[in-house]
Amino acid sequence: MAGTASTVRSWLLLEDPGPWGRDALRDARLPERVGLELQRRCRAAGVRPLLIRRASSNASAPDGLACFAIRSGPEPPWIERTRLAKVADILDLDLPALGRGVRPGFEPVDGPLFLVCTHGRRDVCCAERGRPLAQALATALPDQTWESSHVGGDRFAGNLVAFPHGLYLGRVRAGEAAEVARAYAEGRVSLQHLRGRSCYPMPVQAAEHALRTSQDFDRVDDVGLERTEGRRGVSTSTFRTPMGRFSVSVAIEESAPSFLTCHSPVAEPAPAYRTIAIVRRPDLDVGAP
């Protein structure tokens with residue numbers, strides 16, 4: 001699963017109870033043209049829009065529709081929220097500013113936020129594996145858990161995205177939900193489920209995963225990207241860690257053909273990343289001249 005998170009830095013989440021068609025914004029029962037216009041504006045601004053709905057009837061439900069603006073990095077991540085009187089109010093937001101990482105000035109959210117993809121009309125895997133995961137997580141954390149439209153990587157369902165860092169976690173079973181979420185709330189990452197952090201390109205995600213697993217770096221802040229470069233099918237990323245700096249090189253290849261979604265009619269190859277080297281850089285270690 002390493003290196004399979006969608007590359008996204010700015011997010012806009014809009015509450016909509018559904019149902020959602022295959023293309024959530026276009027096929028949802030939003031007011032005429034709001035979904036299409038929001039989709040167009042978000043694409044131009046570099047913002048990922050998602051529809052969300054409550055996963056638990058026990059969650060608090062104030063008046064209006066919940067709306068979250070999120071920046072998942074690479075600078076320090078944040079979440080802000082507001083409530084909209086009507087869906088069309090979302091078109092008043094400054095989406096180009098959000099795409100640049102500018103806070104809209106809503107209410108800051110300190111605690112974590114969890115999305116579970118349950119978009120069954122997009123792919124049946126997300127319904128069959130995502131809904132039990134969402135229900136289990138909502139039992140433990142009702143106010144912090146939302147179902148969401150398609151986040152990417154259906155074959156890795158149940159898919160969980162942990163904010164504010166935008167960590168994609170895949171193949172999370174319902175029985176693991178509370179433990180995985182609480183670990184993140186405590187600042188740790190479930191390495192066995194980690195697909196990648198969305199603010200990084202996929203080869204960097206794969207390199208980070210390789211480094212984390214080789215050194216058992218499971219704290220969210222244990223690994224930070226300093227630079228990355230690619231040449232002739234090899235991506236090399238340098239990370240700062242509590243043990244100094246490491247360079248990780250991965251070869252960008254193709255996997256053997258497989259069914260990439262539950263409804264795929266044919267097997268297809270996908271990008272794959274093979275770790276070539278993990279090198280500690282003593283000349284760059286903390287404290288070195």
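P74 is located in the loop that runs between strands β3 (65-71) and β4 (78-84). The model is a predicted one, in which local features need pLDDT of at least 70, side-chain atom pairs count only at pLDDT 80 or more, and totals for chains, interfaces and linings use all residues. Residues are numbered from 1 along each chain as its sequence is written, and side-chain values use heavy atoms, with hydrogens and water left out. Helices (H or I, at least four residues) and strands (E, at least two) are DSSP runs, numbered from the N terminus.

**Cis peptide bonds and positive phi values**

- Most residues other than glycine have a negative phi, and most peptide bonds are trans.
- The peptide bond between G73 and P74 is cis, with omega at about 10 degrees.
- A cis peptide bond also joins A157 and G158, where omega is about 0 degrees.
- G158 belongs to the loop between β7 (145-148) and β8 (160-163).
- R171 has a phi near 55 degrees, which is a positive value in a residue other than glycine; R171 is in the loop between β9 (167-169) and α5.
- R171 counts as partly exposed because its relative accessibility is 45%, where buried means under 20% relative accessible area, exposed over 50% and partly exposed in between (1.4 Å probe, protein chains only).
- D216, in the loop between α6 (202-215) and β11 (224-231), has a phi near 60 degrees, a positive value in a residue other than glycine.
- D216 is exposed, since its relative accessible area is 56%.

**The protein as a whole**

- The protein contains six helices and 14 strands.
- The radius of gyration of the protein is 19 Å, close to the 19 Å that the globule rule gives for 289 residues, so the protein is as compact as a globular protein of that length.
- The radius of gyration is taken over C-alpha atoms, and the globule rule is 2.2 Å times the number of residues to the power 0.38.
- Taken along the principal axes, the C-alpha atoms fill a box of roughly 55 × 45 × 35 Å.
- Of the 289 residues, 54% count as buried.
- Contact means heavy atoms within 4.5 Å; among contacts between residues at least 6 apart in sequence, 67% join residues at least 24 apart.

**Helices α4 and α5**

- Two packed helices are described by the angle between their axes and the distance between the axes.
- The axes of α4 (residues 124-140) and α5 (residues 177-185) come within 8 Å and cross at roughly 55 degrees.
- That angle makes α4 oblique to α5, given that angles under 35 degrees count as roughly parallel, over 145 as roughly antiparallel, 65 to 115 as roughly perpendicular and the rest as oblique.
- The contact is formed by L133, A136, L137 and A140 of α4 together with A177, A178, A181 and R182 of α5.
- G130 is another residue found in helix α4, and G130 is buried because its relative accessible area is 0%.
- Leaving aside neighbours within four places in sequence, G130 is in contact with V116, C117, T118 and C125.
- G130 and G105 are 25 residues apart along the chain, and their C-alpha atoms are separated by 32 Å.

- A69 has its place in strand β3 and counts as buried because its relative accessibility is 1%.
- Not counting residues up to four places away in sequence, A69 touches W11, W78, I79, E80, L98, P104 and F106.
- A69 and R81 are 12 residues apart in sequence, and their C-alpha atoms are 6.2 Å apart in space.
- S235 is in strand β12 (residues 234-241) and counts as buried, since its relative accessibility is 6%.
- Leaving aside neighbours within four places in sequence, the contacts of S235 include P203, T228, V248 and I252.
- V279 is in strand β14 (residues 271-280) and is partly exposed because its relative accessible area is 42%.
- Leaving aside neighbours within four places in sequence, V279 is in contact with R245, F246 and S247.
- V279 and T4 are 275 residues apart in sequence and 23 Å apart in space, C-alpha to C-alpha.

Methods:
Axes fitted to C-alpha atoms, helices over the stretch in contact; angles between N-to-C directions.
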